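Hello,

Here is the structure I promised to pass on. Please open it alongside this email; my notes follow.

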Amino acid sequence: LKNLGLEYVDIFSPHRPDPDTPLEETCLALKYIVDSGRALYVGISNYGCERTRDICAMLRELRVPFVLTQMPYSIFERKIEREGIKALAEEEGFAVTAYSPLAQGLLTDKYLKGIPEDSRMHKNAFLKESALTQEKLSAIRALNEIAQKRGQSLAQMALSWVLKDEDVASVIIGASRSSQIEDDIRVNAQFTAEELAEIDSIVL
């Protein structure tokens, strides 16, 4: 807080679960953070569905205001749907903050014509070249066609898709240029049933 120049933060969220720390201990630490005035609310990040349900119940019993879970979510990454985390958020009244909504750049126009030399994938570090299979590239191009019909860039449509449901409160994006942010914020989260079905038919 001293480094941030703040007396408190709105939301404190641990970055990931610690498998060696009991859930009860984590919950008590989060309670201390709120009770001591260091944060108004708490969240979690990268917990599976059952552990999310457990921590939600524990924090409720401790009267700790739990408001969000942070998870990867994109047109390509549907784990929160498959595992029931998204449904649990609606059931329990907490929100989802989605990270990697652009699938590390795959859901942009960057890779439509191959792998640019200045791209993250070209460095073959965290995002491997092997991720861009011919099948994946075909899917990206098909999604781009839907985006163009909607009057959007692929990135704009991908972010709009993530935000189409009220369960997802916000997204976390990365950008190397301010123009990317200016482009990405032009969302239109209204989709027709036909558009959603077409998107699903491409990626599922």
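Thr 108 is buried, at a relative accessible area of 14% (buried means under 20%, exposed over 50%, partly exposed in between, with a 1.4 Å probe and protein chains only). This is a predicted model: local features need pLDDT of at least 70, side-chain atom pairs count only at pLDDT 80 or more, and totals for chains, interfaces and linings use all residues. Residues are numbered from 1 along each chain as its sequence is written, and side-chain values use heavy atoms, with hydrogens and water left out.

Thr 108 sits in the loop between strand 4 (95-99) and helix 5. A polar atom of its side chain lies 2.7 Å from the backbone oxygen of Gly 105. The backbone nitrogen of Lys 110 is 3.1 Å from a polar atom of the Thr 108 side chain. Beyond neighbours within four places in sequence, Thr 108 contacts Leu 102, Ile 140, Leu 154 and Ala 155 (contact: heavy atoms within 4.5 Å).

Next, the helix packing. Helix 5 (residues 134-149) meets helix 8 (residues 193-203) at about 170°, with the axes 9 Å apart. The two are therefore roughly antiparallel (angles over 145 degrees, on a scale from 0 to 180). Helix 5 contributes Ala 139, Ala 142, Leu 143, Ile 146 and Lys 149; helix 8 contributes Glu 198, Ile 199, Ile 202 and Val 203.

Last, the core. The largest nonpolar core has 45 residues, and Leu 59, Ile 75, Leu 143, Met 157 and Ile 199 touch the most other members. Helix 6 gives the largest share, seven residues.

Best wishes

Note on methods. Helices (H or I, at least four residues) and strands (E, at least two) are DSSP runs, numbered from the N terminus. Angles under 35 degrees count as roughly parallel, over 145 as roughly antiparallel, 65 to 115 as roughly perpendicular and the rest as oblique. A polar contact is a pair of N or O atoms within 3.5 Å; within protein, one must be able to donate a hydrogen and the other to accept it, and residues adjacent in sequence count only if both atoms are side-chain atoms. A nonpolar core is a set of buried Ala, Val, Leu, Ile, Met, Phe, Trp, Tyr and Cys residues joined through side-chain atoms within 4.5 Å.
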